[in-house]
Amino acid sequence: MVNGDRILEVRDLVKHFPLTQGILFKRQIGAIKAVDGVSFDLHKGETLGIVGESGCGKSTLAKVLMALERPTSGSVLINGRDIGRAKGAELKRMRRNIQMVMQDPYTSLNPRMTVGDIVGEPFEIHTEVAPKGDRRKKVQELLDVVGLNPDHINRYPHQFSGGQRQRIGIARGLALQPEIIVCDEPVSALDVSIQAQVINLLERLQNEFDLAYIFIAHDLSVVRHISDRVGVMYLGKFVELGKDTEIYDKPAHPYTQALLSAVPVPDPEGREQRERIILQGDPPSPANPPSGCRFRTRCWKAQEICAEEEPLLQIRPGTGHESACHFAETHDVVHIG
Amino acid sequence: MKKTSADVLPVEGVYGDEPLLAVDDLHVEFRTRAGIVRAVNGVSYTVNPGETLAVLGESGSGKSVTAQAIMGILDMPPAHIPHGEIRFKGTDLLKLSEEARTQVRGQRIAMIFQDALSALNPVFTVGWQISEMFRVHRGMSKADAMKKAVELMDRVRIPAARQRVNDYPHQFSGGMRQRIMIAMSIALDPEVLIADEPTTALDVTVQAQIMDLLADLQRESQMGLILITHDLGVVADVADKIAVMYAGRIVERASVHDIYRAPAHPYTKGLLESIPRVDLKGQDLYAIKGLPPNLLELPTGCAFHPRCPYRQDNCVTDVPPLYQISGTRGSACHYWREVLDGER
């Protein structure tokens, strides 16, 4: 599955949101550094999981990849062309290739549109994909692919359950036959017994259409199940990036270790002996991140060098994958599910 | 002599063999225009001092409605309780006057809500909202109550409590807001604490902090804790015993170790098997087929039968009672032996 052609290249991606003061003459007094220097590749048919706490910039990253936000600097190359700088017809063409599945199927579907209109809307914009007479049939095919009854094409979103609505959202994402789908927390709003159904569907579709996923989620066991590689984000930066087995079995960055140890293990045996790293406090504000290493204010390994010199994301001695810590060392914290 | 709070409370300790809190065959229904929604259909569970009971279930399983019935905060109508008892130290709360109920609510039995931002009032300072408990229930002066509020914020480990007591809820992070909710709920030293999805909206790192805090507070005061959640990981971490709910009924009841080792109800088994595991990577996850039932039209017989891999003919017609498996363990499945043995 891995090591197909590289279809997405993200290089030094930065997205700052200006903070302004004053009403008439707005002065910029600072910036929220939501994404602050992120680089990674994505290959055909591969899944890259992105994990991190709320506010770490995962959703902003998704928006920049989708060209819903323009990057402050850096580039997002899809098949070698920069979507961040594309305009007009070129941007429209490029957008066909990267689609999104949203988190909340209750608010991301227009309640006044039928399922047929929702799933078929991409064809209205990209008319070349499906000629007008053909659209209804195409939509019914898509509904069938995601496991919905094609006869329900004239129903409205409220007539479906949460899991079925998420399937509608997935069908809409598939409509233009993209190579990349960005899934932003696709199962977190669903009931536990329904989550497995949707995850299985996403995996089946990936094999069928050779899709590449950017899978953003806070549920670490779901990310592990579906991902080939995993990136851990903290305050707008990747602190660790590697294969799923490297991140989960040999985490090298203290933040990854703390994150993994905080995940409750669904097995009560030996729970008293389990090692647990409890981080104190909350992440600092992305408007004013700490100097040097951003994690140093909550890190138990922090020393002077951490405040002075920013650790780069690179392969460290004794570890087989990239991590951004001066004192990186692999440490098997816990085996989560 | 100044009256202590114990003198004026209607519920007192003649409860001998009774558990601290016992919910007994509780039924709750909502009479709506579309018909009668039977949200809770005969739920029974007990909690003892220092014990943690986890109530596990999906949305619509009736776990929160049961909790609201215990607290006495259901809107009636549309809600009705046609049958059942909620005994706190042997006294049936449902038979008490509203005035007496108010004495129990918040003082003896307290609750933490899921979404701290909407549960806190945005136009009052957090100090004012915490100290309200002392002003209203204990008749303290504003200044004394405020001092107590600072102490409580210290106890739930909010840094720089003295400086932050006059801040408003929006100035706190999600985890800190949940701490404020916890401070309010433990203000009057309740004997039972109900936590309704206390960490669902929080990140895992913050979730670990909050669950740690709850465990410490419980150890200090020997509260009985009812933890309502859908997270199988959290349950495995903290619970002593578990009640699994489906469509308004308890389908399985067991100690935490028993249930994870060998579930005795197909629904519990399905939930446990649908958790992603390392050795199943790259394969399909086990998924419970179908959808949770519509409470307006519950399936006949066992409510789980349309989704159940163990279904036989009598499941469609006969409602399974909660069969006793051993001691306190029970399963509402006609075929619990087969489930327990892992036959399918």
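Okay, let's start where the chains meet: 32 residues of chain A and 36 residues of chain B make the contact, where contact means C-beta atoms, placed from the backbone, within 7 Å. Before I go on, this is a predicted model, with local features needing pLDDT of at least 70, side-chain atom pairs counting only at pLDDT 80 or more, and totals for chains, interfaces and linings using all residues. Residues are numbered from 1 along each chain as its sequence is written, and chains are lettered from A and ligands numbered from 1 in the order in which they are written.

On the chain A side, α6 (192–209), α7 (220–226) and α9 (254–262) each put in at least two residues. Helices here are DSSP runs of H or I with at least four residues, strands are E runs of at least two, and both are numbered from the N terminus. The top contributor on that side is α6(A), with six residues. By class, the chain A side has 14 nonpolar, eleven polar and seven charged residues. For the classes, Ala, Val, Leu, Ile, Met, Phe, Trp, Tyr, Cys and Pro are nonpolar, Asp, Glu, Lys and Arg are charged, and the others, Gly among them, are polar.

Now chain A itself. You're looking at ten helices and twelve strands. Its radius of gyration is 21 Å, close to the 20 Å from the globule rule for 337 residues, so chain A is as compact as a globular protein of that length. That radius is taken over C-alpha atoms, and the rule is 2.2 Å times the number of residues to the power 0.38. As for burial, 47% of the 337 residues of chain A are buried; that takes 20 or more other C-beta atoms within 10 Å of a residue's own, with 12 or fewer making it exposed, anything in between partly exposed, and C-beta atoms placed from the backbone.

Next, a sheet in chain A. Four strands make an open, antiparallel sheet in the order β2-β1-β4-β5, and strands pair if DSSP finds at least two bridges between them. At the edges sit β2 (27–43) and β5 (81–82), each with a single partner strand, so one side of each has no neighbour in the sheet. Two bridges link β4 (73–78) to β5(A), and A:Ile78 has A:Arg81 as its bridge partner in β5(A). Lying across β1 (6–21), β2 and β4 is helix α1 (58–65), at about 75 degrees to β2(A). Axes are lines fitted to C-alpha atoms, for helices over the stretch in contact, and angles run from 0 to 180 degrees between N-to-C directions.

Staying in β4(A), find A:Gly74. It has 19 C-beta neighbours inside 10 Å, so A:Gly74 counts as partly exposed. Leaving aside residues up to four places away in sequence, A:Gly74 touches A:Arg11, A:Asp12, A:Leu13 and A:Val14.

Over to chain B, which splits into domain 1 (19–239) and domain 2 (246–341), with bounds from an automatic or database domain assignment. Between them, 20 residues of domain 1 of chain B are in contact with 14 residues of domain 2 of chain B. On the domain 1 side, β2 (35–47) and α10 (232–238) of chain B give two or more residues each, and β2(B) has the largest share, ten residues.

Last stop, helix α2 (63–71) of chain B: eight of its nine residues are buried, so α2(B) is largely enclosed by the rest of the structure. Just after α2(B), B:Gly72 has a positive phi of about 70 degrees.

Note on methods:
Contact = placed C-beta atoms within 7 Å.
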